[in-house]
Amino acid sequence: MSSAVNSSTLPAYPWQRQGFDPPMEFQSFAPVNPVRLPSGDTGWAVTGHRQARALLADPRLSADRLKAQVPAGRMNDPDATVPPGMFILQDPPEHTHYRRMLTGQFTVRRMQKLEPRVEQIVAEQLDALAAAGSPADLVTHFALPVPSLVICELLGVHYEDREHFQQLTKTMLAIDTTKEAGQSASAEIQAFLAGLVAQKRTRPDDAIISGLIQDTDLTDEELTNISVLLLIAGHETTANMLSLGTFALLQNPEQLRLLREKPELMPGAVEELLRYLSIVGSLGLSRLAIGDITIGEVTIRAGQTVLISLPAANRDPALTENPNDLDVSRPRASHVAFGHGIHQCLGQQLARTEMKIGYHHLLRRFPDLALACEPHEVPLRSDMRIYGAHALPVKW
């Protein structure tokens, strides 16, 4: 199959997830399926696990999504350039340059040293949840504060500023945000972090921003853009995994019971929840083909947009048996919840640590935890680029 298809007859993008599951339209898709983009052009939806891994590692797919169709359906300025330091939108050698610097800050040793502090933060937020009284919103009192506190301390951001940057982040990640509103929120969060970078130059601490200032020759603009990416990714992703993962466990009582009885299953359970939920790339990670790519019987032409669905790839029957079932005792599958290739999530070990500790202590502290509403009443983030729950009412 080549790219020469009549787009008017193709399934139209975007779609919505169905609860914990990928969009139902994907059930009839080939692993690499032509789709009609909002512009009317033909693009490609990738739902197969093997194909997703291959394409995420293919240098002929550019991460410069400013020139591709984006999940909200808007077309960005084809003449726009990626700002310095915005490494998730860059290809080698620029991406390699920044990634190498950041890898030095996210060492295994640093993440291991952080574990006692994560334990303390989790305990404090569970105290706050208990103090709020039953019923309470798990997102407000636990799922959002835990990773927000951790990433603030890791970067050297003042936690009292959290409401400000969380609201700006929400605007930037909303699928229906207008171009003007998105630009305004982006400019505001950049101004906030530019001020922080300036402070760290004169009053350094032992956090990552100061470490980058000391160990590199990055400009203030580069440091600001890197800080934006780390701050947003550092709290949004884990917060939504903590809330949605808890929701999924409450909806699967046998799995919840097994995890309570055998807490040693928690590391594997975290991997299974990541695979099962895959909150990033729900609508497709946008990539731009910069060369012709033949994968199987499909030819993707240079200039076409490729949308890689991590949730669909992680539910591929070729990856694991009964992929639509949550099984906390499942042998670890090679999921792509953190992406794959050179853009694989930089903070994945930190996220795993926060989830492992967070779920463990939540389930131990509240043995009778239950939903405080009907499952269909939980407000899911189908309107956001990172999936999850806007709120999760719980009781105990």
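**View 1. The largest nonpolar core of the predicted model has 93 residues.** A nonpolar core is a set of buried Ala, Val, Leu, Ile, Met, Phe, Trp, Tyr and Cys residues joined through side-chain atoms within 4.5 Å; buried means under 20% relative accessible area (1.4 Å probe, protein chains only). Val 157, Leu 277 and Met 355 have the most contacts inside this core. Helix H9 (residues 220–250) supplies the largest share, 14 residues; helices are DSSP runs of H or I, at least four residues, numbered from the N terminus. Another core, of 18 residues, lies apart from it and includes Val 46, Leu 55, Val 298 and Leu 310.

**View 2. Surroundings of Val 157.** Leaving out residues up to four places away in sequence, Val 157 touches Cys 152, Phe 165, Phe 192, Leu 193, Leu 196 and Leu 231. Contact means heavy atoms within 4.5 Å.

**View 3. Helix H1 (residues 49–56) and its buried residues.** These are His 49, Gln 51, Ala 52, Leu 55 and Leu 56. Down the axis of H1 they fall within an arc of 165°, so they line one face of the helix. The arc is taken from the directions from the helix axis to the C-beta atoms.

**Notes.** Residues are numbered from 1 along each chain as its sequence is written. The model is predicted, with local features needing pLDDT of at least 70, side-chain atom pairs counting only at pLDDT 80 or more, and totals for chains, interfaces and linings using all residues, while side-chain values use heavy atoms, without hydrogens and water.

Conventions. Buried < 20%, exposed > 50% of the residue type's maximum accessible area, 1.4 Å probe, protein only. Helix = DSSP H or I, 4+ residues; strand = E, 2+ residues; numbered from the N terminus.
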